[in-house]
Amino acid sequence: MGILTTTNLFSKTLILSSIVASAMILSACGKKESESITLNIGFQKYGILPIVKERGVLENALKEQGVNIKWVEFPAGPQLLEGLNVGSVSFGESGEAPPIFAQAANSNLIYVANQPPAPDAEALIVPKNSKINSIQELKGKRIALNKGSNVHYLLVKLLEKNNIKLNEINVVYLPPSDARAAFERGAVDAWVIWDPFFAAAEQQIGARVIATGKNVVNNYQFYLADRQFAEKHPQILQSIVKELNTTTQWVSQHQDEAAKLLEKPTGLDFNILKTSISRMGFGVQPISPEVAKQQQYVADAFYQEKLIPHQINIQAAILHNADSK
């Protein structure tokens, strides 16, 4: 039997320590890899999320949490929330109306945060040579809008304010690109639309504004998530909201730069985008009781107009204990 010298003991201890350390490093790497998360985020060509995407700030903010981001584009809010419902995305943004229609269809979404009101960012417009000069003159006319979008509520409230029933006009449901074409060729008499399509119609074809959302609606922009993802990863959502808020503050102070970032993805002129951005609401905060209350008013109005099949409770789509996890 060999003599166990101090040198041999030290060498064996060193080898054993190296083996243990290597195993720990491999274990940690395996654990880190297994905890890697791919977050699919739904976005539209215009808004805060595409600016976040172009700047790459969210990828950097979530890197330490092991989150990889995949961006999925949608033409409008209703389609985005359908993607949220079927699981193709776990997070996205939309206006006031789409989440109400989605919740009425039993979507498993939750409200995460919102931007402040932006009532000037949507409007009811008519062609520049139209003889229509007031909401009252819309009776019997054809009005285009994207079904289930934020402007759906604007139209309901504009009619209500002027004592006109929804069945006294002819609503033509068209997505923005088709509505623009119909508007230009005179197939519809008016168009209820949001920025940047609103600003584009003003500047490119001289569309006239009959009414904006000012003193009529709030026009909140909401950030929403899949309930299962939100319950499992509240810290990730908190990081996203923080970064979104930071980005809106950057946009408010760098509107020219933000407009340039959106030129390529939207294909729109700089001046159109600058006008649109100036009408945004800046800041992103978790849903407050007051915002939830205002959103309930929207849901109730849609139910009264039979636009959704049953009453819904907005509070049921708010994860109250998200901050405590």
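Me: Where is L39 placed, and why is this residue called buried or exposed?

Reply: L39 sits in strand β1. Please keep in mind that this is a predicted model. The relative accessibility of L39 is 0%, and buried means under 20%, so L39 counts as buried. Leaving aside neighbours within four places in sequence, L39 is in contact with residues including L62, V67, I69, F91, F229 and I240.

Me: Why is the pair of E73 and K45 called a salt bridge?

Reply: The closest N and O atoms of E73 and K45 are 2.9 Å apart, and the rule asks for a side-chain nitrogen of Lys or Arg within 4 Å of a carboxyl oxygen of Asp or Glu, so the pair qualifies as a salt bridge. E73 lies in strand β2 (residues 67–73) and K45 in the loop between β1 (37–43) and α2 (48–55), so the pair ties together parts that are 28 residues apart in sequence.

Me: What makes K53 and E54 a salt bridge?

Reply: Their closest N and O atoms are 4.0 Å apart, and the cut-off is within 4 Å, so the pair is counted as a salt bridge. K53 is partly exposed, with a relative accessible area of 31%, and E54 is partly exposed as well, at 39%. By this rule the count comes to nine salt bridges. D195, E202 and R279 are linked in a network of them.

Me: How do you know which residues of helix α7 lie on the same side?

Reply: In α7 (residues 176–185), the buried residues are P176, A179, R180, A182 and F183. They cover an arc of only 165 degrees around the axis, which puts them on the same side of α7. S177 and R185 are exposed, on the other side of α7. The buried residues pack against β5 (122–126), β6 (142–145), β8 (190–194) and α8 (197–205).

Me: Why is R180 called buried, and which residue is its salt-bridge partner?

Reply: R180 has 17% relative accessibility, and the cut-off for buried is under 20%, so R180 counts as buried. Its partner is E184, with the closest N and O atoms 2.6 Å apart. Both lie in α7, four residues apart, about one turn of the helix. An α-helix has 3.6 residues a turn, so residues three or four places apart point the same way. E184 is partly exposed, with a relative accessible area of 48%.

Me: How do you know whether the peptide bond from D195 to P196 is cis or trans?

Reply: Its omega is near 5 degrees, and the bond is cis. P196 belongs to the loop between β8 and α8. Both residues turn up again at the largest pocket, where Q44, Y46, W194, D195 and P196 lie nearest the centre among 35 lining residues.

Me: What makes α7 part of that pocket's lining?

Reply: α4 (77–86), β3 (91–94) and α7 each supply at least two residues of the lining. The space in this pocket is about 630 Å³.

How values were computed:
Residues are numbered from 1 along each chain as its sequence is written. This is a predicted model: local features need pLDDT of at least 70, side-chain atom pairs count only at pLDDT 80 or more; totals for chains, interfaces and linings use all residues. Side-chain values use heavy atoms; hydrogens and water are left out. Buried means under 20% relative accessible area, exposed over 50%, partly exposed in between (1.4 Å probe, protein chains only). The arc is that of the directions from the helix axis to the C-beta atoms. Contact means heavy atoms within 4.5 Å. On a 1 Å grid over the protein atoms alone, a cavity is a set of points where a 1.4 Å probe fits but cannot get out, and a pocket is an open set with protein on both sides within 12 Å along at least five of seven lines; lining residues have an atom within 4 Å of a point. Grid points are joined across faces, edges and corners, and a volume is the space filled by probe spheres set on the points.
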